[in-house]
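Please examine the sequence and the model shown below. The paragraphs that follow take helix packing, the ligand site and the backbone in turn.

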Amino acid sequence: MNLENIIRENVKKLSPYSSARDEFEQFTKPMIYLDANENPFSNGMNRYPDPQQKELKAIIADRNNVSKENILLGNGSDEVLDLILRAFCEPNRDNIITLPPTYGMYGVLANINAIENREVLLNEEFQPNVEAIINAVDNNTKIIFLCSPNNPTGNSFTDSSVIKILNQFKGLVVIDEAYIDFSKDESWLSVLKDFPNLIITQTLSKAYAMAGLRIGILYASREIIAVLNKIKPPYNINGLSQETAVKKLLQSTMPTQVRKILVERNKLIEALSKCLFVEKIYPSDANFILIKVDDANFRYQQFIENGVVVRNRSNQPLCENCLRISIGTKEETEQIIELLKTFNNAEKSIICR
Ligand SMILES: *Cc1c(COP(=O)(O)O)cnc(C)c1O
């Protein structure tokens, strides 16, 4: 892959905005900063935040055994995904490939940026159809988006299918690992160096319990990171989010919480497997379960009437009559399990075993 051939012409040519803080970051002695038109009265937030989020990146780099030069942070994964499209895809000319049923944002971002979204359905096992994907590629295909573990199906893609796509496609392959910390499989980060066309995205929104902070993480080669840095808004992670994320990451509550969530996932699977209205429980590597039920609209409504909101995924391809249920706390799971028992008496008169 030659990165120069994939970058959009205007991005290649543009000179990025240079923020006041970028230019003088190497100064270690205390300086008087009169360069950014800030209010000088200290209140903890009167200064612009670090545009390169060095403290936060150092922690993330250290935990994941990568160098901070291989990291870019965004205002949620949404922003990093959008940056990838804007850096590499020429509107009204280029295309991307996505594999439905999958995360809806890839298609939405493609639409916003006037980029064609070529959809190649997953197979019946919710695995990538590698041959069909490669057949869908043309000279204007810039990016293939893989979501593993996949949302909403919950499964991970097999190593062999991912490797084939990485080897056979000459553009960029994005692996969205939003749910990787719930998975028995390892992250693809360990092979980042072997594939110059690989981009991995993760997030602090799910396992790390910081959805409210909006912090998405992108890992890629230094060359790719440099291109994305050219177009990212200079202060894209606000000061409060950077500070809070650093604090929370140092508390290290993630592994314990993930373990607890996986215990509840097993309990819920067990309870659902006894319900006759549940026709199929798909294997999950994530903090949610996809189930096929007798009548998704009916069951969705039934959940709502009992004060529980789940996600109806019926309108997605291959997901007819499917509901996606996130895993909650122990107490929430106990309530859901009690509720499932009452679904016995529903109009449809279908009973739990
Ligand atoms: C939840 C989710 C994300 C996270 O998005 P953020 O903008 O970081 O909150 C990314 N990808 C997938 C597939 C998701 O389900």
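The crossing of helices H4 and H10 is left-handed. This is a predicted model, and in it H4 spans residues 54–64 while H10 spans residues 239–251. The two axes lie 9 Å apart, and the helices pack at an angle of about 30 degrees. Because angles under 35 degrees count as roughly parallel, H4 is described as roughly parallel to H10. On the H4 side, the contact is made by Glu-55, Leu-56, Ile-59, Ile-60 and Arg-63. H10 contributes Gln-242, Ala-245, Val-246, Leu-249 and Leu-250. Sorted by class, the contact of H4 with H10 comprises seven nonpolar residues, one polar residue and two charged residues.

From H11, the residues in contact are Glu-264, Lys-267, Leu-268, Ala-271 and Leu-272. Their partners on H13 are Lys-330, Thr-333, Ile-336, Ile-337 and Leu-340. In the contact of H11 with H13, six residues are nonpolar, one is polar and three are charged.

Attention now turns to the ligand. Which of the 13 residues around the ligand come nearest? They are Tyr-179, Thr-203, Ser-205, Lys-206 and Arg-214. For Thr-203, an N or O atom of the side chain is 2.6 Å from an oxygen atom of the ligand. Lys-206 places a polar side-chain atom 3.3 Å from an oxygen atom of the ligand. The side chain of Asp-176, in turn, has an N or O atom 2.7 Å from a nitrogen atom of the ligand.

Most peptide bonds are trans, and most residues other than glycine have a negative phi. Against this background, the peptide bond from Pro-100 to Pro-101 is cis, with omega near 0 degrees. Pro-101 belongs to the loop between strand E2 (95–98) and helix H6 (105–112). The bond from Asn-151 to Pro-152 is likewise cis, with omega near 15 degrees. Pro-152 sits in the loop that runs between strand E4 (141–147) and helix H8 (159–168). Asn-92, a residue other than glycine, has a positive phi, near 60 degrees. The loop between helix H5 (76–88) and E2 is where Asn-92 is placed.

Definitions and conventions
Residues numbered from 1 in each chain as written. Predicted model: local features only at pLDDT ≥ 70, side-chain atom pairs only at ≥ 80, totals over all residues. Heavy atoms only, no water. Axes fitted to C-alpha atoms, helices over the stretch in contact; angles between N-to-C directions. Helix = DSSP H or I, 4+ residues; strand = E, 2+ residues; numbered from the N terminus. Parallel < 35°, antiparallel > 145°, perpendicular 65-115°, else oblique. Left-handed = near helix turned anticlockwise from the far one by under 90°. Contact = heavy atoms within 4.5 Å. Nonpolar A, V, L, I, M, F, W, Y, C, P; charged D, E, K, R; others polar. Near = heavy atom within 4 Å. Polar contact = N/O pair within 3.5 Å; in protein donor to acceptor, adjacent residues only side chain to side chain.
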